[in-house]
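Please read the following note alongside the sequence and the model. Its points are numbered so that each can be checked separately.

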Amino acid sequence: MYAIEENIILLLPVVLPTAVGTAILMVPGFDRNRGRIIAAVLGTLLVEAALAGLALATGGSLVLWQLTETVALSFHVDGISRLFAALTVGVWLLVGIYSVSYMKQEEEERRFFGFYLIVLGVLVGLDFSGNLITLYVFYELMTLTSLPLVLHERTKEAVAAGLKYLFYSVAGAFLALFGIFLLMQICGNQPFVPGGLIVRLPGEGLVSFQEGMGSGGTPVKEGLFLAAVFCMLVGFGAKAGMFPLHGWLPTAHPVAPAPASAVLSGVITKSGVLAVIRVVYFAVGPKVLRGTWVQQVWILLTLLTVFMGSMLAYKEPVLKKRLAYSTVSQVSYVLFGLSMLQSQAFVGALSHVVFHSLIKNALFLCAGAVIVMTGKTRVRDMRGLGEKMPLLLGCYTVAALALVGIPPASGFVSKWYLAVGALASGTGVWAWLGPVVLLVSALLTAGYLLPLTIQGFFPGTYGKEDVDAGQGKAGPEARQEPSGWMMGPILILTAGALLFGCFPGALLAALETLAGAVL
Amino acid sequence: MKEILLAVPVLLPIAGGAGMLAMHLGTGGKNDDRRLMLLTAGLVAVNSLVIFWLLRFGTGAGLVLFRLFGNLTVRFELDPMGRVFAGLIAFLWPFATLYSFEYMKHEERKPTFFAYYVMTYGVTSGIALAGNLVTMYLCYEMLTLVTFPLVLFPMTKEAKRASRRYLYYSIGGAAFAFIGLVFVLSFSRTGNTDFIPGGVLNLEAGRAQRNLLLLVYVLAFFGFGVKAALFPLHGWLPKATVAPTPVTALLHAVAVVKSGAFAILRFTYFSYGTEFLRGSWAQEIVMAATLATIVFGSTMAVREIHWKRRLAYSTVSNLSYILFGAAMMSPLGLAAALSHLAVHAFMKICSFFCAGAVMHQTGKTQVYELDGLGKEMPVTFACLTVASLSLMGIPLFGGFISKWNLVQAAFACGSRSDGMMSESAIALPAAAGAGVWLPYVGVAVILYSALMTGIYMLTVLVRAYFPKVAVGDTGGEEGGNCRSQEGRTKFRDPGWMMLTPLLIFAAVILVLGLHSAPLMRLLAEIGGEAG
Amino acid sequence: MSRRRDDYESSWWRRFKSWVDGETDLLAEGMEIRIPQVPGDGNGETKQPGSQARQAGTDGETRQLGSQAYQAGADDGKDRPPHLFYESRGIRWFRRFYQVMSVLLCLSIIFVLLWTIACLPAIGNAGNPDNNEVSARYIEKGLQETGAVNIVTGMILDYRAFDTFGESCVLFIASCCVLVLLRIDAKDGDIQTRKRLEMADDRRFEPKEDIILQKCACVLVPLILVFGIYIVLNGHLSPGGGFSGGAVLGSGLILYLNAFGFQKTERFFTEKIYRRITLCALTFYCMAKSYSFFTGANHLKSGIPLGTPGTILSSGLILPLNICVGLVVACTMYAFYALFRKGGM
Amino acid sequence: MNTPLFVNMEETVSIILFGIGFTMLMLHRNLIKKILGMNIMDTAVYLFLAVKGYIRGRMVPIVADGIQDVSAYINPVPSGLVLTGIVVSVSTTALMLALTIRLYERYGSLDLDEILMRAKEEERA
Amino acid sequence: MSLVQNFPFFSIILAMFSGILSSVLDGKKARNVSLAAIVMTTVMSAAVLHFCVRTGQSYTYMMGHFPAPWGNEIRAGVLEGQTAVLFGVVMFLAVVGGMDHTAMDVEESKQNLFYIMIDLMLSSLLALIYTNDLFTAYVFVEINTIAGCGLIMIRQIGRSLSSAIRYMIMSQLGSGLFLIGLSLLYDVTGHLLMSPAKEAVAAIEAAGLYEVPMLVIMAVVSVGLAIKSGLYPFHYWIPDTYGYATPTASAVLSGLVSKGYIFLLIKIFYRVLGRENVIASQIVNVLFVFGLAGMLMGSVHAILERDTRRMIAYSSVAQIGYIYMGIGLGTQAGMVAALFHMFTHSATKALLFISAVGLYEVSGDRKDFRSLQGSGYRNPLAGIGFAVGSLSMVGFPMLSGFISKLLFATSALQSPHKMLPTVIALAISTILNAVYFLRLVITLYTIPEAENAAGKGNDKRQRVFVAAKGQGEASAFPASSRKLRLAIVSFILLNLVLGLCSQPIVNQIGNGLTMFE
């Protein structure tokens, strides 16, 4: 067990953005001056980065509140928390910078930025969660607070999409809650323990908590337990866009403003992943699940999602939507890796979390930039984009290649680990079927991402007149790159995606340590 | 001497209300209005104070007010479970009264309204303080009687129909509850119907006629369940929302329906006793009924577009949470049921009051009319947000706590059935079969209902906070809506008399969500005693 | 209860119910109502069905009154061919069914009762249960205890006098009821009363100076009255008594009335006299019996001499009671007749 | 069963009359016939009673020649009952006839169903 | 023998004599005489009751100089006393409450006749209560019938006449059956007085003689009295009868007359035929079934009815069903419940009729219950009275109906086979009662919709209402209100007394029943 060190500093990264965000929303007259908001947001993000760094460096845990006698809310910082929190804060900072420029065109910036900050606070809280209940609390709050980001534009579609997002998330959360309730029943409100808490009792078909690690629980039947775990997987999988509850993703992303889509698909989907990790590796424990029907079905679902997401993306004409489907598919890579319950696959999965986060953010920001600059959303219309914005398209291309998994870009590393892990996992048919699906999906990824590059740089003659005609006045101007506020983050993210691919050693080492702890 | 005070909270408002009716206060002048309000406020406040005094200083033994017939006495006693309910209503009523002062400002026939309003307080206190089943039954019937003028109050055709329906349902329910009363009386161990934790049933005699008694239990459960809006008998509740909002809120979210639930709790845990019922087919039936109600209520709430009716359907489903707790027949179940009873009261009264505030300020009753009001009435909708999230069962809000308790109790109940199955499947064939899965199904149902709650409450909020804007030609049908929004006058939050209760209830929900330990400890004690 | 029907009258259930109840609404639609034939046949005029619009003479008024209730129905049905109450096929079928059922019911009742009496003791047998100590005492000691030679009279006026008192009251209340129903009080001038007055006013058609009748009556009436008086007075000695004698007296009065008409009868017998006689007789009866019951119950001597059995002045109270009963019965009989005849005395 | 029925022939007759009267009273539509039925029914009961009081070979219960022996006279009780009963039935008959007259005057019919129906219509009008 | 013991006899004679006396008085005097007689008989009955309770036993009273098997007798006990007191009180209040309507409905010159009916009705009821002789019972049953018929038809409108003849026919059927039953009984026992007859019956039963005749006697007597008291399948005369008579008559008829027959039936069961024999003969089961059917069907009929008075009348059918159901339970407790319900129903039904009068007065005297809309505000006391009566019928606690419902239910628990049908029928019947009674009560307290009042005058119902209102304001009954109020208040009190202090009453009923045997 952990040494109880009450580390109040853990609270700061959570409270600060939330407070500032609330202030932006609530304080009257805050929106009179745009500069004031921007300053507040950027300042907060920077301070937040510092605070988060401090908190992560300090580590430790903190009991927030005794909700009831048995249920406590607590924070605890471990490797996973560090990974996710760092990722979150970093991405948030970059996207924040980007959105300063992007949001100029949108209305009601005040609300956007207010909730943007609040979501950050909540996400950090989610990353820090020390037990399932806390996780659940922040999970729900995340859903609710991120809702305004999704329906920011308040068009009919946006509101509908927002509600869809909301209901899928809430449904997922309540599905997961069932499992949480059952776990509580088995072992009480335990903090996360690497490797999980649950063991199978010999002979009786019951499961119980591990000796010496829980209190006040009662054994339950294994069937029920597995069903509950499955519910949690599916439920949290909703956020991660896993198959049965993936429907919100392609609807919600395109309607949201680009920064929102970026963080949604880059970070918020990962919170689903985080929840799954917490459940499987820190609460339930991979040992109990290995070889059960839950694992089988889970693998099946992830693979299905991977394949389906790619296929749908391949057929999708709207860029943002295509990226959203891509997210569906890519996040399921991560889930697939997790579902292997194998350490290399675990490393692959976690690294894919990081890489996909960077890559997908870059891609979405690119798409957003295109929209800001040209107002185009369909891939078909973007022919010849490279002539106007070669840098942007270049970044896009790099990110796309990384996502496809072309070495030396980062995607390759994570996929490699995933494939190796899968082959070594001993899960029967999945051990080879998984990598095959991943490969096919990678091909599809290339198929849906690269056409933009090709058409952008090499528009060819087909339809050029059309394009010119359509562009009207915009046509003649040769170079029209987005502003520095936009390009900066994109460049940083792209560079990150590339560099991590080239030098993955440190990250992988850290991840392997983590994997060793949980498996 | 102290015991006499027990009768005060019951008799004082009833007498006061009757007096108000008799005095023919205020048909015109402002002075009259003020007198009426003073009188009402005084009665309610004094009564609440008395109840709090009783809660604080205890009461000693029960008080036998008079002997109705044979062993049937009208007896008041303040036991722990009664305390919870009494405290609840004593807390809610003054604020609700405050709210209604403003709400009813422009209505006619105020004296009638307030007279019955005050009388209802007395009768509900009577239910809380009832020391035996007969008194409970008496107050239960009287409750029907004093609340039906309130439902009838608008005097529209709809209201008449609703009140008639309400009356028929309630009386019908009481008729079946009466069967239960008679059987308890006849099979009582003590010869009377006093509430004793663990029940008064004579188990030897009961065993001989087990099936009969179980049948009667089911009948009585459904009988009391009418007030608690159990599924096939819920019809009156959504209709009764025609009443003025303070009535709907207080009566149909708190007093009346909670009285039904409370009566079932009393009947199950203090009259029949769980020992007799546990694991029987009767338990399965009632549990299945409650689950069906939960599903039904939440689903209907999603379908409903009239806001108050939607809330009423939500009440239908939430009440069955309580009944589900009751049907578990375990200490945890009782504690959970009571906690939901308390928490739901705050949540639902808060939501209803918000709805009422909106109606009062804007006259809007349908969900689709609420677009954009969140900005204009921020306080109201903030409170509604709190209430909604709590209803959904988001942690940090009160609703989560009670759901948490319910689910835990359900799991405990389920695992107990498991245990029973493995240990004594032969001894208790009744316990075998599908029944053991019911608690788990219950958990699933609760979560389903939570999802539905999310849908029906959050759509309101989303509408209010994020009104759709028409973009180009996409929002064809929204266009008109949008224009009308431009042209209309701004609405504002209601006055302090309405806002104060809202804020306080919202605060209480938060407090209950964050710091519920003392309450839960109390409830667990009650549960442990009675289960 | 989802849809509440206010209009039960037209609901199917209602119709079915009234059919079951036999409230005869079932054919309300297909039925035409006859204008009732006003039984004022004495007017000697035949009424034309279409002659409603005649001048407002007495006759027309009467007619109008008679048909007032059905005006609406009659007006509606003017154009349609008139058909009668029983013409509908459904009702005929129903009636037949009804008749069959009545016969069956009758037979079943008879069967049950026959079965019963088959088990009863045979008649005329001295050993039957009803010939027990009760009748024995009546026969053996009746003469001494009541002083009446006629044991039956002794029984009904002494042993079981309470029954008999009740019986007089039955007669009394019946006459009251008939008074209520048939006496026409002209001062209550509502339509119905006037109409009834109109119709009952048949004095014009009384037999006028019918010599044969009057002469016969002259002979018979005294005879009848004397005979009646005899029966009354000898009630305790021979078959007869107050009731039978009273009835004979009443019939004598009725004969007189028929022969000489109301005017003459009213010279000596009016309602006032009737009331007084009844009151006095019943009051005496009541007092006497109360005295007797009271003394009997409290075991006091009644102090009324029984006299010598067989003589006219014997058997204590029985003779006066018989007289009272006789008076009451005679008056009541006459009152019945007079009321039936013209609604007054 | 046959033998007692035959022996109790008078009773048999009275019972049959009773049944007829009862049925008439209950089910006949014509008021006058109903009243007749009622009278038949009552009379049947008196017949029954009178028969019951009769004892073969004995005299009417009027003390003759000072003989006061039970064996000399028939049972006086049924006779008394019959006397009382007759008066009662006369009274009710008078009352019902009076009612019939009123109803006939008013509705011009003796058919009870018709009367009821007309009364209803009258009320409605 | 103390003077009190004479009181039953005195009260019968007094009532009868006042009736006789009234024949020469005018209406007003007759009324006063009648009221005085009612008061005095009530007081006397109370004295008798007190006496019997004090001595703890019943006594018989010779009507004449001859003891039991020979002379007439009456008998007084606790139950008789209670019933007589209650009947007296109800009758007094009914007469007082309906007085003004009596003056309206009855022709001026026939008022005294009305009070003669009342007097003789009272006297016959008392005689039925006190009698210890079967043939006396028959004679007074007839008086009762004729007086009842007189009360009905004295209003002299078409419906009341036709309902009177219906009533008369049904009553004659009942009387005929009762009489033939008596004759048969006399034939097999040779007695007309109850006590010796009972001994004879016991002897017969012991000897196993006359099985068929005894069965038929029980059946015939029960059916006869059941017809007269309006048990379910024989109830067709009830609604017209109660619905169209003058209010006092309605109250008296529904409250008392049918109860008199029921009381007689119980008395015969106990004091002549023997309770065990009756139970053994399954007659009770038949009564039970018909009682249940009556409970439900009466209410169903009432629900379908729209005329208030007829509704209340149909409710009587249901309530009589309750009573027979109680008798049919065949237990002592059931009998107690039946008797208590008899009291309850007398008090309540009279209250309902009288209150309905008060409501009609202010609503233009229309049949349709909807015309009563809002009348609860125009005549508050009558409204309250009606509400209390309705609630009592529905079985609202603290009112008398609840106690009787409770008694029925508890007594049903003692007979295993009839338990479930009874309690469930009770519940259903409660609901049905609620449906029509509370529909009425709601109607009383609703005011028509405001927009209607303001808007078009062509709404027919609206006009009715306005007319009614106009008539109500210019009410022709300024003097009525006090008497009516007095009656209503007293009835409410009576109801509360029966509801709240029922224990001694029920005890005494049980006591009285034991004395019967």
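1. In chain A, strand β1 (residues 60-66) and strand β2 (residues 72-77) pair in the antiparallel sense over 6 bridges. Two strands pair if DSSP finds at least two bridges between them. Helices (H or I, at least four residues) and strands (E, at least two) are DSSP runs, numbered from the N terminus. A hairpin of 5 residues joins β1(A) to β2(A), and V63(A) stands opposite S74(A) in β2(A).

2. The model is predicted: local features need pLDDT of at least 70, side-chain atom pairs count only at pLDDT 80 or more, and totals for chains, interfaces and linings use all residues. Residues are numbered from 1 along each chain as its sequence is written, while chains are lettered from A and ligands numbered from 1 in the order in which they are written.

3. Chain E contains 23 helices and 2 strands. Its radius of gyration, taken over C-alpha atoms, is 22 Å, close to the 24 Å that the globule rule gives for 517 residues, so chain E is as compact as a globular protein of that length. The globule rule is 2.2 Å times the number of residues to the power 0.38. Along the principal axes, the C-alpha atoms of chain E fill a box of roughly 80 × 55 × 40 Å.

4. Of the 517 residues of chain E, 74% count as buried. A residue is buried if 20 or more other C-beta atoms lie within 10 Å of its own, exposed if 12 or fewer, and partly exposed in between, with C-beta atoms placed from the backbone. In chain B, 67% of the 531 residues count as buried; this chain has 21 helices and 2 strands.

5. Strand β2 (residues 72-76) of chain E is mostly covered, with 5 of its 5 residues buried. In a regular strand the side chains alternate between the two faces of the sheet. From β2(E), N72(E), I74(E) and A76(E) point one way and E73(E) and R75(E) the other way. Strand β1 (residues 59-63) of chain E runs antiparallel to β2(E), joined to it by 5 bridges, and T60(E) stands opposite R75(E).

6. Which two helices of chain B pack with their axes 8 Å apart? They are α13 (residues 307-328) and α14 (residues 331-362), at an angle of about 170°. Axes are lines fitted to C-alpha atoms, for helices over the stretch in contact, and angles run from 0 to 180 degrees between N-to-C directions. α13(B) and α14(B) are therefore roughly antiparallel (angles over 145 degrees count as such). By class, their contact has 12 nonpolar, 7 polar and 2 charged residues. Ala, Val, Leu, Ile, Met, Phe, Trp, Tyr, Cys and Pro count as nonpolar, Asp, Glu, Lys and Arg as charged, and the others, Gly among them, as polar.

7. Between chains E and C, 53 residues of chain E are in contact with 52 residues of chain C. Two residues are in contact if their C-beta atoms, placed from the backbone, lie within 7 Å. The largest share of the side of chain E that touches chain C, 11 residues, comes from α6(E). By class, this side of chain E has 35 nonpolar, 12 polar and 6 charged residues.

8. The contact between chains C and D takes 59 residues from chain C and 57 residues from chain D. On the side of chain C that touches chain D there are 42 nonpolar, 11 polar and 6 charged residues.

Notes: Angles under 35 degrees count as roughly parallel, over 145 as roughly antiparallel, 65 to 115 as roughly perpendicular and the rest as oblique.
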